Amino acid sequence: MTKFYITTPIYYPSSKLHIGHSYTTVAADALARYHRRLGHETYFLTGTDEHGQKIERAAIAEGKTPIQFVDEIVAGIKELWSALHISYDDFIRTTEPRHKRVVQKIFRQLYDQGDIYKSSYEGWYCTPCETFWIEGKLKEGNLCPDCGRPVEWTKEESYFFRLSKYADRLLQHIEETDFIQPASRKNEMVSFIKQGLEDLCVSRSTVRWGIPVPIDERQTIYVWIDALSNYITALGWGTENDELYRKFWPADVHLVGKEIVRFHTIIWPCILMALGLPLPKKVFGHGWLLFGTQAEKMSKSKGNVVDPFVLIEKYGLDAVRYYLLREVPFGSDGTYTEDAFILRTNTDLANDLGNLLSRTTQMINKFAGGQVPEPDPATDDRVLAALAEQVVREYQEAMDRLELSTALAALWKLVDRANKYIDEQAPWALARDAAKAGQLRSVLYSLAESLRILAVALTPFLIHTPERIWEQLGLDPAQVRTLPWEEAIAWGGLQPGTTIRRGNPLFPRIETAKEETRMEPVTEKAQSAAPAAPAAEPVEGVAQIEYDDFAKVDLRVAEIIEAERVPKADRLLRLQLSVGGERRQIVSGIAQYYAPEELIGKRIILVSNLKPKKLRGIESHGMLLAATAEDGSLSLVTLDKPNFPTGMRVK
C-alpha cells in the first residue's frame, strides 16, 4: 500500500495562533485528507516547540512556570485545530518524555562520533527567532535580518555541530533533486550554502528551560536538535517501538513557512546525514498570508492578527477553509482582507456552486418528478462528462504538485461550465417540447452527475459541503468520503431513479452594510424582497401608519413572463411582468434564490404604484413581495390558482 507522511512545523506557543498559522495547518490537512481519500496509508503530524528563552521570559512575565504557561496555550491550539477539523494523527510536544529521551540520544550519538564539540560563542543573538547572527548580516546595525527586532550580544560556552562538514554533500543533493520546492526557495538555499556554512551552536548555558545536555547538565539542548528532531521522535525512532518510523520515514513532505525553510533544508538534513538517516523527500516552503491592503505580515504587536475562531463563528467553517486554500497560490504570498473573503465566498460558493445545486435540484423536481432521469444516449452530447474527466485529471495532477489553489480552480471549471450549460440548453424550454424529452433527461442527468463528482473532489478541502451536496442529490452522505476513489470519481455513478432531497442553500450570501451601500443602497434592497431579518414584534422606532396610508399601496397580481440575469450583478434579475393588459419591468435582488428559468409563469404580488427607479442603469417599476426566513432562505409570495387573473387588485 502507498504510504504518505506529512508534517507541519511545530508551532511556538508564546501566544495564541492566528489565521496565518491556520493557513499552514489547513493546507496540510487538505493534503492528508486527499491521500487518505485515495486509499493511501497516511500519517499527519503537527505539534508544538515549547522550550527556549522566549517561553521562559514570557512565563515569568505572567507569574507562571514555563510548563503552566505552555499548557494553557497548547490547549488553545488544540481547540483551534478541532474547530478547523484538522485530522492530525499525532500531536507532538517537545516537553513530552518520549521526545526528550530521543533528543538526548541524538545529541549523545553526534557527540560520541565527533560531530558535536565544545567551544565558546561570542556574538549577536535574536531571542524571538532563536538565531545567532554575525554582525555583517544584521540590519541597521543591530536588528535581526529575519524579524527586524533588536539582537542581544551573547558570550557563553556552548556545544557546536559540524554543519560545515556536510555542506558539499547537501549542496549536491539540493541541486540534483527537487528536495526543496518551490524553485524560488531552492535557489535561495543554494545561494546561502555557497556563501559558506559555519558550524552551528546547539546548546545554551544561559537558558534553563530546555532539555539538559546528556553529557553536561549545565547546558540545555538548543532548538535545532530539540525542535527539528520531532519529525522522527514522534515516529518512535531510537526506541524499541519504532514501527511507525520504519513504516513512514522518510517524510513525503515537510510543509513549512518560507521563514523557516533554511532550518529545514540546511540544518535538519545535515543532522540526518550525520545520523546516517534518509532525508525527507520534499520540503515545501509556502508564502505568508499577509494582512490588509498594505499586505503587512500579521503580528500581535501591529494589532492586525485575524482570529480564526471569529471567522469560523461569523462565516462558517467551510467558507474559511475554502478561502485559505483557494485565494493564495500555494507557495506565494497572499493577502487577507474581509472584503476579499466575502467576495470569494459569495462568488465561488454562494453564486457558483450553491446556485448550481439549487437550479439543478429545482429543475429535477419540476421537470422530472423529483427523480434523477435516465439520460438518452441519442441526445447526450457528453459535454459535461468529457470536461469532468479532464478536470479530475487536472485536479489530481495539481494536488500531487501541492498546488492546492490550482486544484480548486480546476474544479471550478466544471462548476462554471455546468452553470453555462443550463443557460445554453434551457431545460425549461426543452420541457415545453415533447420531442425533446430525451435531451431534457440527458441535460438534467449531466448536471446532477457533475455535482456528485464535484462533491467527491471537494472532500479534502471542505468538511460539511460534500455531504450536503450528496444528501440533496438523494445519496447517502456518508459514502461521499468512503466509496473507493476510482469508483466515486468516475462519471456515471449517479443511478437514474434516485429521488433527490432539495434543501436549503449551501452558502447563503453574505450581506454587509458596506456592500449594500456599494450596490444601490436601500432602494435595491427594498425592490428585491423583504428585509433579511424580519422582526417578530414591532421594532422600536418604526412609525405606525393609518389605514388610509396603507390603502395608498396598490398590490396587483402579476405573472412573470421573462427573466434574465443582470450582467455584472450577482444578486439582480430583470423581470418582465404581465399585469392585466400592461407589461411591466422590475429589477429584483433574488438571483441567489431563484434561477431565471424557474420563475417563468409564476404569479406574484406586485407593489404596482411605486415610482420608477433605475437600478444598475435599468428602470424598475414596482416591487414584488417575498418572505425571508431566519436561516436566510427566501420565498416569493405566489398564487397557485389560475382564478386570480393578472391585474387583479389584492386587498
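1. Glu389, with a relative accessibility of 38%, counts as partly exposed, and in this predicted model its side chain meets that of Arg382 in a salt bridge with an N to O distance of 3.6 Å. Arg382 is likewise partly exposed, at 39% relative accessibility.

2. Glu96 and Arg98 form one in which the closest N and O atoms are 3.0 Å apart; Glu96 is partly exposed at a relative accessible area of 22%, and Arg98 is partly exposed at 27%. Asp242 and Arg246 form another, where the closest N and O atoms are again listed as 3.0 Å apart, and here Arg246 counts as exposed, with a relative accessibility of 58%. The count of salt bridges comes to 33, and Lys118, Glu157, Asp216 and Arg218 are linked by such bridges into a network.

3. For the chain as a whole, 23 helices and 25 strands are assigned, and buried residues account for 54% of the 651 residues. Of the contacts between residues at least 6 apart in sequence, 73% join residues that are at least 24 apart. The accessible surface of the chain amounts to about 28,300 Å², and carbon and sulfur atoms contribute 50% of that area.

4. Strand E1, covering residues 3-11, has eight of its nine residues buried, so it is largely enclosed by the rest of the structure. E1 runs parallel to strand E2 (residues 41-48), to which seven bridges join it, and within this pairing Thr7 stands opposite Leu45 in E2. Asn230 lies in helix H8 (residues 230-233) and is buried, its relative accessible area being 0%.

5. A separate open sheet consists of three strands in the order E9-E11-E10, with antiparallel pairing. Strands E9 (203-204) and E10 (212-213) stand at its edges with a single partner strand each, so that one side of each is left without a neighbour in the sheet. E9 pairs with E11 (residues 216-221) in the antiparallel sense over two bridges, and Ser203 stands opposite Ile221 in E11.

6. In helix H5, which runs over residues 167-176, Ala167, Leu170, Leu171 and Ile174 are buried. Viewed down the axis of H5, its buried residues fall within an arc of 100 degrees, and they therefore line one face of the helix. Asp168 and Glu176 are exposed on the other side of H5, while the cover over the buried residues includes strand E7 (180-181), helix H6 (183-194) and helix H10 (261-275).

7. The backbone deserves a check at several positions, because most residues other than glycine have a negative phi and most peptide bonds are trans. A cis peptide bond, with omega of about -5 degrees, joins Gln181 and Pro182, and Pro182 is found in the loop between E7 and H6. The bond from Trp249 to Pro250 is also cis, with omega near 5 degrees; Pro250 sits in the loop between helix H9 (243-248) and strand E12 (253-257).

8. As to positive phi values, His85, although not a glycine, has a phi of about 60 degrees. His85 is placed in the loop between helix H3 (66-83) and strand E3 (90-93) and is partly exposed, with a relative accessible area of 33%. Leu402, another residue other than glycine, has a positive phi near 65 degrees; its place is in the loop between helix H14 (383-400) and helix H15 (404-425), and Leu402 is buried, with a relative accessible area of 4%.

How values were computed. Residues numbered from 1 in each chain as written. Predicted model: local features only at pLDDT ≥ 70, side-chain atom pairs only at ≥ 80, totals over all residues. Heavy atoms only, no water. Helix = DSSP H or I, 4+ residues; strand = E, 2+ residues; numbered from the N terminus. Buried < 20%, exposed > 50% of the residue type's maximum accessible area, 1.4 Å probe, protein only. Contact = heavy atoms within 4.5 Å. Areas by Shrake-Rupley, 256 points an atom, 1.4 Å probe, with all protein chains shown as cover. Salt bridge = Lys/Arg side-chain N within 4 Å of Asp/Glu carboxyl O. Pairing = 2+ DSSP bridges. Arc of directions from axis to C-beta.
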